[in-house]
Amino acid sequence: MELRWTAVEEAVRRAHAEGDEPLCAYLYDLPALAAHARELRRSLPGPFGLFYAAKANAERPLLQTLAGVVDGFEASSRGELEWLRSNFASTPLILSGPGKTDAELATACRLGVELLHVESLGELRRLALIASSLGRRVPVLLRLNFPLGPGHETSLVMGGRPTPFGIELDQLPGVMDFLGGQESIQVKGLHFHLLSHQLDADRHLGLLEEYLRRFTELRAHYRADWSHLNVGGGIGINYRAPESQFDLARFSEGLGRLAGRFEAAGVSARFELGRYVTAPCGYYAVEVLDLKRCFGETFVVCRGGTHHFRTPQAQGHSHPFRVVPIDEWRYPFARPSVEGARVNVVGQLCTPKDVLAREAPVERVRVGDVLLFPYAGAYAWNISHQHFLMHAPPRQLFLHSEEAAC
Ligand SMILES: Cc1ncc(COP(=O)(O)O)c(C=O)c1O
């Protein structure tokens, strides 16, 4: 997961030179995305498949880059499902997520999703009626929520505690009773997505072992013929210490050791990863508009902010960045500059919460330089409150090769 800083910085300079407004842009390094996705796919042995969770970022060029590499896409709404199907006529799709409407369930039936992940008995009842009225038999995984053993806490946990996600184990008997007479539903297995932001390869392997144990116990208990286990997404990005990321090589080695146990149990497993796939290919670039001192602190005010890039606010971190020096200076007065300082990087919103980085050390930053935030390819632009204050949106630039961004 190497970041191609040189190519991206060159693209930033080109974009800056082309524009007549202060630069504000997302840049996506598509060759890097392709290389990362291929490495990730190669790292998953035999029984492990890889779907991409499109909610992380569903920009068409990213999906096109991934389409030949991953085994399919996961959608969590009718909008995502229709977008994915309109762009990829035959790529396998999953529909998951809480609060599915009848229209979403019907769309999934009509589009022939490969699997539909069911979140509750109520949803299952509605699906059975809809599928039956359409004359379909829908392949389903049941999403479960159950307590996890110690050591599985991350900063974002969806299971093992009260959340709206999945079916708790004590409700499973009722679900299985209901399924007894349902021709329109075919349960093929279980879906567990109990946490995100996993940064530790060994812990993630431990989680998978626990998932397999839980799956086989439940399958035996219910004498079910399930063969599919979706182990969710959840591999994280270390925004706080970007030099120490999830150890994919170690994870792959461990998966190699676990693969035999999945195979012996007749379980084909599937990841549906989002953040880890696309975060590293995206960058948010903002030009510095102003430098200010206030009550002893330095503020770098940029063209943009959390209405474009909510990730640091959403995750509660100070986002790492690089300064891309821009030598052009168009005003007839001295260029404001700060050297060897700690700075707060803020945007254009009228709220003190519009902070991208806090107390960040910089060697030098000047008005007119560009700040480049890496790891902005997932849950970034698409989770931001884009219309607040009606500032112009960032440009969306796709780097296809080292020479060109368009
Ligand atoms: C059901 C489900 N699967 C997969 C994902 C992707 O998770 P991540 O981006 O952490 O890999 C999510 C994220 O919320 C999810 O809810």
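Reader: At roughly what angle do the axes of helix H8 and helix H9 cross?
Author: This is a predicted model. In it, H8 covers residues 201-221 and H9 covers residues 248-264. Their axes come within 9 Å, and the crossing angle is roughly 15°.

Reader: Is H8 roughly parallel or oblique to H9?
Author: The axes cross at roughly 15°. Angles under 35 degrees count as roughly parallel. Therefore H8 is, relative to H9, roughly parallel.

Reader: How many nonpolar residues does the contact of H8 with H9 have?
Author: On the H8 side, the residues include Leu205, Leu208 and Leu212. They meet H9 residues, among them Phe251, Leu255 and Phe262. By class, the contact has 4 charged residues, 2 polar and, for nonpolar, 8.

Reader: Is H5 oblique or roughly parallel to H6?
Author: H5 spans residues 102-111 and H6 spans residues 121-133. Their axes come within 10 Å and cross at roughly 50°. That angle makes the H5 and H6 pair oblique.

Reader: How many charged residues are in the contact of H5 with H6?
Author: Asp102 is one of the H5 residues in this contact. Glu123 and Arg126 are among those from H6. The contact has 6 nonpolar residues and no polar ones; the charged count is 3.

Definitions and conventions
Residues numbered from 1 in each chain as written. Predicted model: local features only at pLDDT ≥ 70, side-chain atom pairs only at ≥ 80, totals over all residues. Heavy atoms only, no water. Axes fitted to C-alpha atoms, helices over the stretch in contact; angles between N-to-C directions. Helix = DSSP H or I, 4+ residues; strand = E, 2+ residues; numbered from the N terminus. Parallel < 35°, antiparallel > 145°, perpendicular 65-115°, else oblique. Contact = heavy atoms within 4.5 Å. Nonpolar A, V, L, I, M, F, W, Y, C, P; charged D, E, K, R; others polar.
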